[in-house]
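These are my notebook entries on one model.

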Amino acid sequence: MSEYVIVTDSATDLNAQQVKELELEVLPLAFIMGDKTYYDYPDKRDMSSEEFYNRLAGGEMATTNAINVGQATDAIEPLLQAGKDVLVLGFSSGLSTTYNSMKIACEELGEKYPERKVFAVDTLCASMGQGLLVWYAARMRQEGKSIEEVRDWVEANKLHLCHWFTVNDLMHLKRGGRVSATTAVVGTMLQIKPVLHVDDEGHLINVGKARGRKASLDALVAKVGESATDPAGQTMFISHSACEEDAQYVADQVKAKYGVQEVVSNYIGPVIGAHTGQGCVALFFLGTKR
C-alpha cells in the first residue's frame, strides 16, 4: 500500500500540536485586517487568537480570502513528487471556494502524475466540525486504513457530523447577512440568542433562538440528546471565540448529562470568527443526522 498524506486547510481550527500528532498537511487561509494580509497557520505565527478577537472587540473588521488553485497546487505537488498519494479534505463548499480550488488542483495534478492517487472530498463541514471529521480520518490512516477506505468513510459519514453554534453578538451575523438588521436590533434588546447549524449543503443556517446566554448554551447541549449516536463512546469537539468559560460549561454539561468521556476545545479561527465575533460557542459530534 502506498504511503499517503491527508491535506486540509486551517478552517479545521486544529491547533499546531493536533496537526503534528495527526500528521496532517494544513494550508493556511488568509484574512485581512486593516491594510495587511495575515495567514491562519495552526501555530498562529501571524496573529494569536487573543489578538484577533481583541481587535474585533475594539471595532476592527476582518475579511477572509479563500485558497486559490495555485496555492493548492504548490502545497500538493511536492507530496506527489515525493512518491506519496494525497487525500484532500476541504472546507465546506457552501461557505468558501477553497474546496473548489483544491479539487481543480487535484484534477490537474492527477493528470500530471497518473501513477499517483489524488482524491478530494468536500467535507461540507466548518471549524472544528471539519476538524473532527479530519481527526477521524487521520486516526484511520494511522491505524493502517487505505486511502480509499478513509475517503469512503469520510464521504459516508460527513453528513452525520453535527454542527451546533450560538453567538452572543447578533451584529456580526447581521454584517455577514446571516440575520436581518431588524432581527439583530430586536434580538439584542431582548437578549435573544440564535441557535445555528451547518446543513447538508454545508451552509450556516439559523434554526432557532433562546432567551439569554445560558439558555442558548443549554440548547446546544440538548442537541446531543436529540441526535448523537452513542455519546458516551465518542469524542466531541467544541470551538469558541474568546469565551472559554462558556465552552467549558458546555463541555461539563455534555459529560454530566450524556456520559461523554472526552471533549476537545480550541479557538474558532479567523475564517469563521470574522463572521461571528466574540462569544460564539460551537459543539460538534457524530449523530443520526445533521
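**Entry 1: Gln71**

I found Gln71 partly exposed, with a relative accessible area of 31% (buried is under 20%, exposed over 50%, partly exposed in between, with a 1.4 Å probe and protein chains only). I am working on a predicted model, in which local features need pLDDT of at least 70 and side-chain atom pairs count only at pLDDT 80 or more, while totals for chains, interfaces and linings use all residues. Residues are numbered from 1 along each chain as its sequence is written, and side-chain values use heavy atoms, without hydrogens and water.

I placed Gln71 in helix H3 (residues 69–81); helices are DSSP runs of H or I, at least four residues, numbered from the N terminus. Leaving aside neighbours within four places in sequence, I listed Leu27, Tyr39 and Ala66 as contacts of Gln71 (heavy atoms within 4.5 Å).

**Entry 2: nonpolar cores**

I looked up the largest nonpolar core, which has 68 residues; such a core is a set of buried Ala, Val, Leu, Ile, Met, Phe, Trp, Tyr and Cys residues joined through side-chain atoms within 4.5 Å. Leu24 and Phe52 touch the most other members. Helix H5 (residues 127–142) supplies the largest share, nine residues. Apart from this core lies another, of 20 residues, including Leu220 and Val221.

**Entry 3: H9 and H10**

I noted that helix H9 (residues 213–227) and helix H10 (residues 244–258) pack at about 40°, with axes 10 Å apart. The axes are lines fitted to C-alpha atoms over the stretch in contact, and angles run from 0 to 180 degrees between N-to-C directions. H9 and H10 are therefore oblique to each other, since angles under 35 degrees count as roughly parallel, over 145 as roughly antiparallel, 65 to 115 as roughly perpendicular and the rest as oblique.

Note on methods:
Helices (H or I, at least four residues) and strands (E, at least two) are DSSP runs, numbered from the N terminus.
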